[in-house]
Structure formats: C-alpha cells, structure tokens
Amino acid sequence: MASLRLFLCFFLFTASSVNIVCSRSLPKDHIALFVFGDSVYDPGNNNYIDTIARANYYPYGETFFKYPTGRFSDGRLIPDFIAEYANLPLIPPYLQPGNHEFTTGVNFASAGAGALSETNQGFVIDLKTQLSYFKKVAKQLRQELGDAEAMAFLSKAVYLINIGSNDYVLPFISNSTVFQYFSKQQYVGMVIGNLTETIKEIHMEGGRKFGFRNFGSLGCIPLLKALVPGNTTGSCFEQVNELAKLHDAALTEALEEMEIKLVQFKYSMHHLNIYLSELTKNPGRFGFKEVNKACCGSGPYRGISSCGGRTGVTEYELCSDPTQYFYFDSSHVSEKANKQIAQLMWSGPPNITGPYNLKAFFQL
C-alpha cells in the first residue's frame with residue numbers, strides 16, 4: 001500500500017509541477033542518500049558548468065550506460081552501487097535540469113572539487129558551494145514538509161562524502177608554491193578543518209549518518225606514477241602518499257571527536273588501504289590483470305590525462321576490456337573496481353568499515 005501511495009504522489013507531482021508535496025506518503029522506513037565530493041562521486045554535475053573537468057564524451061560510460069553520462073569511469077560509480085544496494089534509483093546530479101524532487105536524495109559532487117575553495121577555483125563546485133546547495137534543499141524540505149517532518153527525513157538519510165584528493169594532488173601537477181608557506185601538517189589541517197566544518201553544518205540541518213572512505217595509497221594512481229622520474233618499477237609518488245596518510249589519521253581523529261560531541265552522530269569509514277594492499281599483492285584474486293596502468297590514457301602507465309582526447313592531448317590509447325583493469329583512466333578506477341569498493345563499504349566487517357558499514361545505516 002505504501003508503494004501505491006508513493007506512485008500516486010509521483011503522478012501528482014509530474015502533473016502539477018509542485019515539488020515534494022506528496023512525500024509525506026513515503027514509507028516510514030524510507031531513507032534517502034545525499035552525496036558530496038569530487039570526480040570519484042560526480043554523476044555529471046560538471047556537465048552543467050563551464051569547465052574542462054568533464055567526462056561527457058566517449059569512451060566514458062561505455063560498458064554500462066553505453067553512452068557518456070559525465071561519470072569519470074567506464075560505467076557506474078560507488079554511489080550508484082550504494083543506491084542499488086539500498087533499493088534506491090540512481091541518485092541524480094543536483095544541477096541536472098528539471099531535478100527538483102529530492103525524496104530519494106541528490107548528488108552535489110563535482111569533478112575537480114576540493115575541500116579548499118582555492119582548489120581548481122572557478123572550474124568546479126567546491127565543497128562550500130555544495131553545502132550551500134544542500135542547505136537550499138533542506139530549506140525547501142522544511143517549507144513543504146514542515147520542520148518536524150523535514151528533520152525526521154534528513155536525520156534518517158545517509159550522507160556520502162569523498163573529497164580532499166584534489167587538494168593534495170594539485171600542488172604537484174601545477175606550479176604551486178603552497179608548501180613553501182605551509183608544512184604538510186598545516187596544509188592537511190586546513191583541508192580537514194573545512195571538511196569537518198561542512199560535516200557539522202550538515203549535522204545542524206539534520207544529518208546524522210555519514211559515510212567516508214580513506215585515501216590509502218593516493219600517490220599510486222597512474223597520473224602520479226607517471227610523474228616519478230625514470231619510473232619503470234611502478235613506484236608511487238611518496239609525497240602525496242604522505243599527505244594521504246596524514247589526512248586519513250586526522251579525519252579519523254576528527255570523526256571520533258564528533259561522535260562524542262555531536263548528538264546522534266554516526267560514521268562509517270572504509271579503510272581503502274587494506275583493500276589496495278591486498279589487490280596489489282594478488283590482482284588475480286580480485287579478477288584484475290592490470291593494476292598499475294590505466295585502461296585509457298597515454299604516456300607511462302597511461303598516466304597522462306588524455307582519455308577521450310578532449311583535454312589538450314588528442315591521442316590516447318584505450319584497452320579492449322576495462323574489466324581487466326583496476327584503473328579506467330589516469331586518476332579514476334573502473335566500474336568493476338567501484339563495485340568491489342562499494343560492496344566493502346556496504347557490508348564489510350568492522351576492520352574494513354569502522355564503527356558501522358553502510359548497510360547498517362540503511363537499517364537504523
């Protein structure tokens with residue numbers, strides 16, 4: 001009966017163009033998914049802004065959607081799989097035209113975005129702006145549901161956040177002098193400070209259940225391996241790995257503190273480094289033949305960001321079977337890898353996911 005009421009409400013919504021008027025008819029156990037982050041989670045928001053950080057061209061999207069959606073992969077991303085496991089539809093980009101119905105959630109992530117507003121400034125939707133979009137959604141929900149109903153809806157929802165990697169990678173692929181003025185610890189502190197402030201703001205709006213993943217060996221992506229001089233052995237870019245390690249420790253400490261201080265605050269932390277360590281030792285166990293080189297790109301390890309030939313370098317190589325590759329392009333993993341990571345985030349044990357896995361969040 002609950003699903004019938006939901007269908008009728010959707011019909012009324014499309015006929016009258018009135019937003020969310022019927023969401024009171026959602027089943028009581030309904031849980032939405034809100035997503036913040038960068039290209040790892042962006043389902044196509046960057047299609048609607050003026051930027052070169054897009055993936056709305058071939059060969060992106062080739063294996064699942066059969067057309068480019070704006071996702072930086074050959075297919076689905078982690079939030080797409082989490083939505084599937086939670087019996088939700090694909091969570092749409094916030095900037096997608098006509099998307100004003102938020103009963104299943106919405107995705108604010110933007111490729112190239114950082115926790116610091118200065119990261120790729122002017123070409124991305126930074127974390128502060130993503131937060132402002134979420135506040136608009138929360139305000140709309142309060143106006144249409146009332147404060148109590150909106151708070152109940154937002155407190156049941158799950159919030160996936162993945163951001164910060166661009167803050168750490170950009171200084172090494174640009175002519176940045178940031179580390180002449182800040183120590184690595186100070187710089188990480190600024191990233192974590194902006195991230196935790198955003199989490200607290202979402203909490204004030206009603207958010208209670210947050211999902212994260214750590215960065216693990218961020219310096220081992222093909223983009224950064226290609227920057228290591230004379231790299232013939234698959235060596236990683238250790239300066240970025242050091243920043244990632246500092247970030248992971250600081251984020252865990254911040255989350256533990258918020259768990260104590262913020263009302264009903266709960267978090268899931270996927271320890272990606274455990275998965276990556278096992279993957280590197282035995283790729284075949286996970287169904288991969290290649291874990292160093294990207295499927296799509298050019299140069300050493302296909303680490304030059306030329307996939308699709310739209311970013312200044314027109315020539316690129318493309319593998320015949322992305323399912324054999326952990327990385328699809330120079331910085332992003334394949335759909336197969338995204339699915340494996342999503343499965344661990346969804347139902348992994350405590351040593352993999354921290355205090356909670358995401359499946360538990362959708363059952364609370």
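Author: A salt bridge is a side-chain nitrogen of Lys or Arg within 4 Å of a carboxyl oxygen of Asp or Glu. In this predicted model, the structure holds 8 salt bridges.

Reader: What makes Arg71 and Asp80 a salt bridge?

Author: The N to O distance between their side chains is 2.8 Å, and the cut-off is 4 Å, so the pair qualifies.

Reader: Why is Arg71 called buried?

Author: Buried means under 20% relative accessible area. Arg71 has 6%, so the term applies. Asp80, at 5% relative accessibility, counts as buried by that cut-off too.

Reader: What makes Glu335 and Arg76 a link between distant parts of the chain?

Author: These two form a salt bridge, with the closest N and O atoms 2.9 Å apart. Glu335 is in helix H10, while Arg76 is in the loop between strand E1 (33-37) and helix H2 (78-85), and the two are 259 residues apart. Both Glu335 and Arg76 are buried. Together with Glu84, they are linked in a network of salt bridges.

Reader: How do you know that Lys135 and Glu201 tie together separate parts of the sequence?

Author: Their side chains meet in a salt bridge of 2.8 Å, N to O. Lys135 lies in helix H3 (residues 127-145) and Glu201 in helix H6, so the bridge joins parts that are 66 residues apart in sequence.

Reader: Why is Lys135 called partly exposed?

Author: The relative accessible area of Lys135 is 29%. Buried is under 20% and exposed is over 50%, so a value in between is partly exposed.

Reader: How do you know that the buried residues of helix H9 are on the same side?

Author: The buried residues of H9 (residues 272-281) are Leu272, Tyr275, Leu276 and Leu279. They cover an arc of only 95 degrees around the axis, which puts them on the same side of H9. These buried residues pack against strand E4 (209-213), strand E5 (266-270) and helix H10 (335-347).

Reader: What makes the radius of gyration agree with a compact globule?

Author: With 364 residues, a compact globule would have a radius of gyration near 21 Å; the protein has 20 Å, so the two agree. Buried residues make up 56% of the 364 residues.

Key: Residues numbered from 1 in each chain as written. Predicted model: local features only at pLDDT ≥ 70, side-chain atom pairs only at ≥ 80, totals over all residues. Heavy atoms only, no water. Rg over C-alpha atoms; globule rule 2.2 N^0.38 Å. Buried < 20%, exposed > 50% of the residue type's maximum accessible area, 1.4 Å probe, protein only. Helix = DSSP H or I, 4+ residues; strand = E, 2+ residues; numbered from the N terminus. Arc of directions from axis to C-beta. Contact = heavy atoms within 4.5 Å.
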